[in-house]
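Colleague: I am new to this structure and would like to go through some of its local features. Could you take my questions in turn?

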Amino acid sequence: MNRLPLPERAFPLLAFVSGMCGIAYEVLLGRALHNLLGDGFAVTSAILLSFMLGIGLGARLAHGLWRRLWLIEIGIGLSGAAIGLANVSLTSVMTAALGWLGGEQWAAIALGAILLLGPALLIGCSMPLFAGYDAQLAHKGRFAAIYALYNLGAALTVLVVEFGLLRIVGIQGSLLVIATINLLLGAILFLGLRQVSKKPPPKGLSASFAVGAQLALILGSIASAVFQLTMARVAEFLMGPFRETFALVLAIVLGGIALGSALARAPGATLERFLLAAVGGCLWILGGWDWLATLYARHYDAFAGLNDGSSVSLWKLVILAAMMGPAATAFGGLIPAMMKRQDNVARESGHLLFLSATANAAGFALTALVLHSRMEYGQLLFLAGSLPAAAWLLATALTPLTVTVALASTALLWGQVEYGWREKDLYLGYTAFHSPRTLKKTRRNLVGQQIFKSSRDVVSLSRFSGRAWLFFNGYKSISLGNHSEVSVGTLSAMLAPRAERALVLGLGTGKSASAVGKLFAHTDVVEINPVIIGLQQLMSGYNLNLPAEQDVTIHQADGLTFVRSCPQPYDLVVNTVTTPLYFSSDKLYTHDFLQDIRQCLTPDGVYMTWMDSRVREKGARIILKTLQESFDHIWLAALNTRYFLLFASLAPLQIHGAQRPGNHPALLRFYLEQEGLQPEWLPHLIINTDPGRYVRNKQIPINTLDKPTLSFAMSGSSRRGFDAFNRWLIDQFDPTALRQSIGGGLDANPLRTMLVLKNQLGASSTLVSKARKALTGDIKQLPIQIRETRMRDLESMAKRLPGPENLTRWARWLAGQGECDRAIPIFQEVLIHHPKRNNIHLEMGICYERMGRRELAAQALRLELKQDPWDADALHRLGTLEILAGNERSGVAMQRRALALTKKRARKPR
């Protein structure tokens, strides 16, 4: 063969670069499609299945396109560039098409397949042709080496794209960069390898593969798909359900293929050995989970403190490589191990890649549509390990020895599922793995859970030391007993100009949606997770019975696509979706989304979003700057010291519906009994009417769909808090100026802001201290004024809703102030309607004791003990009264028993 313009030894580098480009498109086009169609299960399915089937079909057809490798690379580049450049037009077209097709899931899958199948098919053609060209150039078969380089390039690219390129130039810029590389690669192939392209292998020359080996490959590839999807979810539970977690898993899978391909070049490397190694890899995960999870937790904090987050990402990569690497390497070596004889490499490798890719697609579909909702993750790993054992039997001779080995391997796997694997660890929440102490404590405190699964999502109602938490996809969201979400909906409704139509994005526990639904004529609620929707009836005791609301319509959809096709304008849009670090919610914090929100609001409508300390300083600046770019007016309210609400509108904000929650019986009862405040006081939580002043800096980036700087900033560190922003808020806090800015709807009492903030933020809050200092008048009179205001408040609440909670709260406060003569009649009123209410007799006894009326005190304490014989406080007090009455023996006996009860309670594990 004549010397070619391109040196033979440089050709593997081209395969390496082609692999880099191929996987980059899968990552980038996947992100682009999520931005176009949302993050629903249908879209994810379209991405996975389109790429798997496209790559498989392309590999099958590749040998017939021998002369066109250069054109295929150029086609890949052009398709990537076209999607990148046509992003705006595609958004309009896809939104219109989805609306025309009724917004059904099959429509999203079809649209995604149409967009992705072409590029995927071209990418699938690439690998077999590179292997075939290399065989011609090198005069010998070295498929394994080219396959290893191809996948090594892909693995490195996943990391480069996720942690570098996307953060520098965004999705569109990244697509154009990769497309340019593809175009250059096509030009090099055209100019440098024309001699090879003109000499395809003879058509009749091709090695054949044993039927058993092909069936083993199919079964092993199905197992590989089960393994990959299972480990992607396990990694989310361990490290968080974030895009960078998926990128790390994908890099490990591709790196495993590269390493497996390199190992397949060894003389003793066979298909059978790689199948057994896959069994061992799954066995290692099941048996080594506890050790690896503890190792990850032990060093997490040290890596988190090193720099801006790259060290944490590296530590995650190391742990995932240790966990997944053996199995990923074994699965990656299956195809190269079968390519020992290489006559027509393009045809042979194309055939095997076709079998593997289509089996992978079947495995993905089987896992997502059938297995995920029916099996635990330990059982899925058992399946991923037992399928290669069965494939090993197909690839080898069926003898008593081989059957025994396969059965023994399966038994070992099941034994590890039963005795080594800790399924409950997956429902602790990813932050539990940030230190050994936290991990140990969380494991100890987890006392029970109810698990619910769908094709993609998993939700758990987990109970930690008596408190129930909503947990989804590795993310421990919110305590079901936390009432702040009700105030999110209530306060938002008070700022809306009208109470006609509202939209709530994100259902969660249903508390915010329930509050909004009670105050508006009609409310639409959008939730992407079908499991969350199905759990609302179960959580009705926590969400003010949302399922009973007749004027609330729940839609299963992605908020992004729903808002784009907004049917009618809303007076209020409430965004309660989870943190923007979470993979499916980051889009709802972008400038693009806010522009769609503007079109979805009435001209004076209000948009509410939120942020907490997890966004950190840089994230807070990005959120405020992005919001400021879309809305003219912004207010900020504090639900606690780390959780803020942001209200935005094109029209000046004001309190329009101060009386709305007080006019609804269920909300009035909730606030008076559960929160101990009157709902009309909620506007006092607004602490700043122009937070945009904090970010009037041109250097702060805007968060966009193309370049999600917010999620990048949040993933850069594990540290919480935005101390500088908090200090700025405290410095700017001026209750008098706020009253002038907010205007009507605020209580006339100047103490009200301080008292509401104290109730919500805690007495130690700096804002409370500043509100106290800002009060006018004699500082010596302030305690008296607070006491009088508190007394009027409790009396007002008790008379407004004379239920047991309000009456008891009022009576206890009076007793605490020494006004037992006023407290006792109120306690008696409680007992008339609720004679078995706990501790009322005890508190009456304490009051009588303070008043010197020992006989009545003893009588009340005996009634308490009749109702609760284990009340140590009542027993001790009654013993004291008995001693004072001269009954020393019985009194001492009571006090000893009270002491024993107290000690027993102290020893009881929490």
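Colleague: In which loop is Leu544 found?

Modeller: A word on the source: this is a predicted model. Helix α19 covers 530-534 and strand β7 covers 552-556. Leu544 is found in the loop between α19 and β7.

Colleague: Is Leu544 buried, partly exposed or exposed?

Modeller: Buried means under 20% relative accessible area, and exposed means over 50%. Leu544 has 22% relative accessibility, so Leu544 counts as partly exposed.

Colleague: What is the phi of Leu544?

Modeller: Most residues other than glycine have a negative phi. Leu544 is a residue other than glycine, yet its phi is positive. The value for Leu544 is near 55°.

Colleague: What is the phi of Asn839?

Modeller: Asn839 is in the loop between α31 (820-833) and α32 (840-850). With a relative accessible area of 24%, Asn839 is partly exposed. Asn839 is not a glycine, but its phi is positive, at about 75°.

Colleague: How are α17 and α23 oriented to each other: roughly parallel, roughly antiparallel, roughly perpendicular or oblique?

Modeller: Two packed helices are described by the angle between their axes and the distance between the axes. Helix α17 (residues 484-495) packs against helix α23 (residues 665-675) at an angle of about 130°, and their axes are 12 Å apart. Angles over 145 degrees count as roughly antiparallel and those from 65 to 115 as roughly perpendicular. The orientation of α17 and α23 is therefore oblique.

Colleague: Is the crossing of α17 and α23 left-handed or right-handed? And by class, which residues make up the contact?

Modeller: The crossing of α17 and α23 is left-handed. From α17 the contact uses Val486, Ser487 and Thr490, and from α23 it uses Leu667, Phe670 and Tyr671. By class, the contact of α17 with α23 has no charged residues, two polar and four nonpolar.

Colleague: Which residue in β6 is the bridge partner of Val504?

Modeller: Strand β5 (residues 501-505) pairs with β6 in the parallel sense, over five bridges. Strand β6 (residues 522-527) is mostly covered, with five of its six residues buried. The bridge partner of Val504 in β6 is Val525.

Colleague: Which elements cover the buried residues of α27?

Modeller: Helix α27 (residues 752-761) is mostly covered, as eight of its ten residues are buried. Among the buried residues of α27 are Met754, Leu755, Val756 and Leu757, and also Arg752. The covering elements include β10 (633-640), α23, β12 (686-688), α28 (766-774) and α29 (782-800).

Colleague: Which residue with a positive phi follows α27?

Modeller: The phi of this residue is near 105°. The residue that follows α27 is Gly762.

Colleague: Is Lys625 buried or exposed, and how many Å separate Lys625 from Asn703?

Modeller: Lys625 lies in helix α22 (residues 616-630). Its relative accessibility is 9%, so Lys625 counts as buried. Lys625 and Asn703 are 78 residues apart in sequence, and their C-alpha to C-alpha distance in space is 8.5 Å.

Colleague: What is the C-alpha to C-alpha distance between Arg614 and Tyr643?

Modeller: Arg614 is placed in the loop between β9 (601-612) and α22. The relative accessible area of Arg614 is 16%, so Arg614 is buried. In sequence, Arg614 and Tyr643 are 29 residues apart. In space, C-alpha to C-alpha, Arg614 and Tyr643 are apart by 9.4 Å.

Methods: Residues are numbered from 1 along each chain as its sequence is written. This is a predicted model: local features need pLDDT of at least 70, side-chain atom pairs count only at pLDDT 80 or more; totals for chains, interfaces and linings use all residues. Side-chain values use heavy atoms; hydrogens and water are left out. Axes are lines fitted to C-alpha atoms, for helices over the stretch in contact, and angles run from 0 to 180 degrees between N-to-C directions. Helices (H or I, at least four residues) and strands (E, at least two) are DSSP runs, numbered from the N terminus. Angles under 35 degrees count as roughly parallel, over 145 as roughly antiparallel, 65 to 115 as roughly perpendicular and the rest as oblique. A crossing is left-handed if the near helix is turned anticlockwise from the far one by less than a right angle, and right-handed if clockwise. Contact means heavy atoms within 4.5 Å. Ala, Val, Leu, Ile, Met, Phe, Trp, Tyr, Cys and Pro count as nonpolar, Asp, Glu, Lys and Arg as charged, and the others, Gly among them, as polar. Buried means under 20% relative accessible area, exposed over 50%, partly exposed in between (1.4 Å probe, protein chains only). Two strands pair if DSSP finds at least two bridges between them.
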